[in-house]
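Colleague: I'm new to this one. Can you walk me through it?

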Amino acid sequence: MAKYLLLKHYRGAPTPVNDVPMDRWTPEEISAHMRYMHDFAARLEGTGEFVDAQALAPEGTFVRYDGEGRPPVTDGPFAETKDLVAGWMVIDVDSHARAVELAGELSAAPGAGGRPIHEWLELRPFLTSPPTVTE
């Protein structure tokens, strides 16, 4: 089994086919989208492929270490950033092909008008061992 991270973007990914921002959806369209996401996760729980999923708020803060005995430095939020993650799901599957298959299904979540979004999802495998350095 291999773990993969599926990243949903508010923006920063290629433009989806049904490109209507969620803040312009009706309450019914939002409910249908959330129900699809919940049902998708429940199905993967049943197959043992679901690990976790969370939606993220658009605001956030950058934090960095600033030296021994000093408080962390913070900056932001940077809502104007070109790349903004909306949420994520972690799956544990038998193959990369299965991860691609599931990402494709998740991309079909309904959006405006009840039509599939066809959004681009970023699919990233978990690093299982440090990269090998050769000279």
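Modeller: Here are some notes on a helix, a loop and some salt bridges.

Modeller: This is a predicted model, where local features need pLDDT of at least 70, side-chain atom pairs count only at pLDDT 80 or more, and totals for chains, interfaces and linings use all residues. Residues are numbered from 1 along each chain as its sequence is written, and side-chain values use heavy atoms, with hydrogens and water left out.

Colleague: Helix H1 then. Which of its residues are buried?

Modeller: Glu29, His33, Met37, Phe40, Ala41 and Leu44 are buried in H1. They cover an arc of only 110° around the axis, which puts them on the same side of H1. Helices are DSSP runs of H or I, at least four residues, strands are runs of E, at least two, and both are numbered from the N terminus. Buried means under 20% relative accessible area, exposed over 50%, partly exposed in between, with a 1.4 Å probe and protein chains only. The arc is taken from the directions from the helix axis to the C-beta atoms.

Colleague: And which exposed residues sit on the face turned away?

Modeller: That face of H1 carries Pro27, Glu28, Arg35, His38, Glu45 and Gly46.

Colleague: What follows H1?

Modeller: Gly48 does, and its phi is positive, near 80°.

Colleague: New topic. Where is Pro116?

Modeller: Pro116 is in the loop between helix H2 (96–106) and strand S6 (122–125). Pro116 is partly exposed, at 35% relative accessible area.

Colleague: What about Ser107, buried or exposed?

Modeller: Ser107 counts as buried, at 12% relative accessibility. Ser107 lies in the loop between H2 and S6. Beyond its neighbours within four places in sequence, Ser107 is in contact (heavy atoms within 4.5 Å) with Ile117, His118, Glu119 and Leu121.

Colleague: What is the phi of His118?

Modeller: Phi of His118 is near 60°, a positive value in a residue other than glycine. Most residues other than glycine have a negative phi.

Colleague: How many salt bridges are there?

Modeller: The count comes to seven. A salt bridge is a side-chain nitrogen of Lys or Arg within 4 Å of a carboxyl oxygen of Asp or Glu.

Colleague: What does Arg98 pair with?

Modeller: Arg98 forms a salt bridge with Glu49, their closest N and O atoms being 2.8 Å apart. Arg98 lies in helix H2 and Glu49 in the loop between H1 and strand S2 (50–55), so the pair ties together parts 49 residues apart in sequence. Glu49, Arg98 and Glu101 are linked in a network of salt bridges.
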